[in-house]
Amino acid sequence: LMDLRTNYQTKKLQERIGQVQTTASADQEPAGSLEDMTDSGPDPQESAVQEQDQPDGCGILLKFTQLHEENPDFAGWLRIPGTKIDYPVMSRAGDNNYYLDKNFEQQHDKNGSLILDCRNDVTAAGGQNLIIYGHNMRTGVMFGTLKNYKEKSFCEEHMTIIFDTLYEECEYKVVAAMLSGVAYEDEDVFRYYDAIDISTE
């Protein structure tokens with residue numbers, strides 16, 4: 001039942017993003033008839049499509065303004081086409097644990113939310129490794145399907161990861177997938193799962 005609720009709430013959030021995009025497109029529709037349009041200027045419909053995802057005055061993408069107003073901890077949206085991974089990503093200042101057992105609405109949810117490490121800054125350009133945490137649920141929700149990347153065939157079929165932050169739309173290509181153990185404090189190893197600053201060699 002908790003998984004059904006998680007899926008239902010995620011679908012509602014997706015619909016809200018779609019409504020914002022639809023409204024933005026409708027607001028940009030030109031007045032008048034087709035005969036009034038000439039080839040002297042840009043296509044109004046094309047302009048509408050280009051503008052609907054442009055940042056608002058605060059720099060936030062229009063499609064995310066409503067969700068950010070509802071919950072300022074909303075940091076973006078992560079999607080891997082062909083998988084169940086299609087969820088909002090949360091980030092709470094100074095606290096990576098708050099959303100471990102809470103959903104977007106900040107209600108108790110054993111599935112938790114996807115969490116962008118609070119040390120990450122989505123407004124910064126380059127030099128950082130974005131770390132997103134999520135539960136490995138047996139039912140496949142959240143990051144429950146990431147383990148499928150252990151299979152080369154799955155990896156080849158799902159090489160695109162889309163992470164749209166509040167401020168920009170980004171697409172990533174998978175170049176490697178690996179399992180990493182969690183090291184003890186006194187171990188002298190490189191902690192892939194804890195490396196934020198990658199600006200140096």
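Start by selecting Arg-16, Glu-70 and Glu-105: salt bridges link these three residues in a network. A salt bridge here is a side-chain nitrogen of Lys or Arg within 4 Å of a carboxyl oxygen of Asp or Glu. In total, the structure holds 11 of them.

Before going on, a word on what you're looking at. This is a predicted model, where local features need pLDDT of at least 70 and side-chain atom pairs count only at pLDDT 80 or more, while totals for chains, interfaces and linings use all residues. Residues are numbered from 1 along each chain as its sequence is written, and side-chain values use heavy atoms, with hydrogens and water left out.

Next, pick Glu-15 and Lys-12. They form a salt bridge, and their closest N and O atoms are 3.7 Å apart. Why do Glu-15 and Lys-12 sit about one helical turn from each other? Because they are 3 residues apart in helix α1, which covers residues 2-27. Helices (H or I, at least four residues) and strands (E, at least two) are DSSP runs, numbered from the N terminus. Glu-15 is partly exposed at 33% relative accessible area, and Lys-12 is partly exposed at 33% too. For these labels, buried means under 20% relative accessible area, exposed over 50%, and partly exposed in between (1.4 Å probe, protein chains only).

Now jump to Lys-63 and Glu-169, whose side chains meet in a salt bridge at 2.8 Å, N to O. This pair links distant parts of the chain, 106 residues apart. Lys-63 is in the loop between α2 (44-52) and α3 (65-70), and Glu-169 is in the loop between β5 (160-165) and β6 (171-173). Is Lys-63 buried or exposed? Lys-63 is buried, with a relative accessible area of 8%, whereas Glu-169 is partly exposed at 44%.

One more pair: select Asp-101 and Lys-102. Their side chains form a salt bridge of 3.5 Å, N to O, and Asp-101 is partly exposed, with a relative accessible area of 31%.

Time to switch to a cartoon view and look at the strands. Which order do they take in the sheet? Follow β4-β3-β2-β1-β5-β6: that's an open sheet of 6 strands with mixed pairing. Its edge strands, β4 (132-133) and β6, each pair on one side only. Two strands pair if DSSP finds at least two bridges between them. Strands of a sheet pair through backbone hydrogen bonds, either parallel or antiparallel. Zoom in on β3 (residues 114-116) and β4, which pair in the antiparallel sense over 2 bridges. There you'll find Leu-116 opposite Ile-132 in β4.

For a surface stop, select Met-178, Phe-190 and Tyr-192. Together they make a nonpolar surface patch of about 380 Å². Tyr-192 lies in the segment after β6 and is partly exposed, at 47% relative accessibility. Patches are made of residues with over 30% relative accessible area and no salt bridge; like charges are joined within 9 Å, and nonpolar side chains (Val, Leu, Ile, Met, Phe, Trp, Tyr) within 5 Å. Accessible areas come from the Shrake-Rupley method with a 1.4 Å probe, and for residues only the protein chains shown count as cover.

Finally, zoom out to the whole chain. It has 4 helices and 6 strands, running α-α-α-β-β-β-β-α-β-β from the N terminus on. Buried residues make up 36% of its 201 residues.
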